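The account follows the order of its headings.

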Amino acid sequence: MNHRLSSMYLLIVVVTLVLLMTASVAAQAPVSSGKAPAPAKKWTAKTPDGQPDLQGYWTNSTYTPLQRPQGVTREFYSAQEVAQVEKQAAEREAEQTEPGTIADVHYDFTQFGLDRSQSTHTTQMRTSMIVDPPDGRIPPVTTDGQKRQADRAAERKRMGATTDQVQNMPVGTRCIVMAGSGPPMMPAGYNSNYQIVQGPGYVMVLTEMIHDVRIIPLDGRPQLPGNVRQWTGSSRGHWEGDTLVVETANFNGKNPFQNASEDMRVIERFTRVDADTIDYRFTIEDEKTWTRPWTALLPLKSSTGPIFEHGCHEGNYGVRNTLAGARAEEQRAAAAKKVSK
Amino acid sequence: MRIRLAIVITGFVLLVATVPVWAHHAFSAEFDVNKPLTLKGTLTKWEMINPHSWFHINVKEPDGKVTEWMIEGGSPNTLIRLGVTKYTVKVGTELTIEGYQAKEGTNKAVGRNFVLADGTRLFLSLNGAVPGGAEDK
């Protein structure tokens with residue numbers, strides 16, 4: 001009898017563990033839009049020199065926000081809730097703006113296929129990319145960080161309007177760098193695509209906008225000297241099992257991620273989990289800005305290549321048109337003032 | 001040149017400013033919300049360039065004079081991935097474009113709506129539905 005009871009208890013424990021593990025995997029696995037979750041199968045493909053194979057075209061386009069929305073207290077949505085959230089977000093993207101409003105002074109994203117629902121994107125069950133802290137929100141900003149934000153805001157105010165001179169325009173507007181390059185690699189709104197190529201001793205990550213390239217050595221060399229500062233920092237990689245770990249420092253502080261300091265360090269982890277998915281997570285360490293490190297997770301989903309060169313400067317008529325428009329408005333205002341005198 | 005300064009009310013439910021603006025620059029700084037226009041013209045060139053593509057159209061005046069306009073649209077990269085080519089909208093296609101004129105006052109505008117001659121809205125990514133789609137090249 002005791003033996004039978006023990007067997008029953010063992011069976012119950014095993015079944016419970018299997019169910020919990022299955023539920024956990026189902027909840028965490030990124031799923032394709034409109035497809036069932038891919039079965040958890042270890043990805044074992046290697047490059048000719050023996051690296052786990054991360055190569056290909058990838059996208060991190062997603063409806064999942066960086067931070068958990070206010071009022072949402074759970075880490076995961078149900079499949080039904082995710083479908084509803086995505087449906088509503090896609091409908092908002094397709095909504096027509098009201099003629100005569102500022103929002104209407106724009107092309108229609110849907111006419112150009114630029115709303116996320118028309119292209120490959122990842123769907124997470126998660127309610128936020130941020131997985132740590134557990135509340136899914138960026139940690140509190142330190143006193144130093146608050147002062148830096150205030151100083152930056154004051155400097156922007158001192159420089160004047162963004163239309164006063166080209167130097168005042170955001171770096172993205174000037175085709176210098178956009179959100180997707182990172183690190184960390186964040187969705188750029190549209191064209192959130194990457195190409196990863198591996199060679200002996202190196203990994204290359206190409207970002208579509210604006211064709212930025214990170215060539216990441218894997219040979220254990222030290223970071224660049226502290227006085228060498230770059231837009232995308234200095235990246236060094238190594239393998240921990242099948243996970244590529246990339247540590248980046250030496251940012252130039254001109255395009256601060258979430259108002260970080262130029263001493264921000266980013267630790268990225270790339271793990272190929274199946275043919276269509278790389279588990280991508282990053283940790284931000286910047287004690288000058290946040291009270292604690294924080295970590296976010298956003299899967300990279302297999303995308304379509306090739307990546308077309310996002311030659312940005314050549315077609316960036318908008319800068320010239322905007323500055324010319326501001327000068328024309330000033331002249332009109334001056335003429336009107338003269339008439340009224 | 002006859003520019004119809006009319007605000008076109010569509011049959012859609014109209015909601016204000018809920019669409020996320022991801023464009024890499026503020027269009028309302030480049031184009032004038034107080035200068036809505038509707039242009040009917042013929043496509044002469046489509047610059048599939050980044051960060052935003054430009055449509056060149058010839059607008060015929062009532063007196064027969066032809067005026068050239070440049071219309072700003074979206075990035076072509078995603079369209080290219082979706083199978084759109086420069087042949088999807090062929091040179092010579094008649095377009096009606098609703099938009100807003102550039103603040104500097106020249107013949108440039110942002111294209112809010114691109115409408116084909118038969119009255120249907122142009123959805124570039126659905127190139128199969130567009131006369132002269134990619135398969136025709």
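## A strand and its partners

In this predicted model, strand E4 (residues 130–132) of chain A pairs with E12(A) in the antiparallel sense, over two bridges. Within this pairing, Asp132(A) has Thr295(A) of E12(A) as its bridge partner. Strand E11 (residues 277–285) of chain A also pairs with E12(A) in the antiparallel sense, here over four bridges. Thr295(A) of E12(A) is the bridge partner of Thr283(A).

## The two faces of E12(A)

In a regular strand, side chains alternate between the two faces of the sheet. Strand E12 of chain A spans residues 294–297. Its covered face carries Trp294(A) and Ala296(A), while Thr295(A) and Leu297(A) belong to the uncovered face.

## A helix and the residue after it

Helix H3 of chain A comprises 17 residues, 143–159. The distance from its first C-alpha to its last is 24 Å, close to the 24 Å expected at 1.5 Å a residue. Gly160(A) follows H3(A) and has a positive phi, near 100 degrees.

## The contact between the chains

Chain A contributes 49 residues to the contact, and chain B contributes 56. On the side of chain B that touches chain A, at least two residues come from each of helix H1 (27–30), strand E1 (31–47), helix H2 (77–81), strand E4 (94–102) and strand E5 (108–116) of chain B. E5(B) supplies the largest share of this side, six residues. By residue type, the side of chain B that touches chain A consists of 31 nonpolar, 16 polar and nine charged residues.

Technical notes:
Residues numbered from 1 in each chain as written. Chains lettered and ligands numbered in written order. Predicted model: local features only at pLDDT ≥ 70, side-chain atom pairs only at ≥ 80, totals over all residues. Buried ≥ 20, exposed ≤ 12 C-beta atoms within 10 Å, placed from the backbone. Pairing = 2+ DSSP bridges. Expected span 1.5 Å × (residues − 1). Contact = placed C-beta atoms within 7 Å. Nonpolar A, V, L, I, M, F, W, Y, C, P; charged D, E, K, R; others polar.
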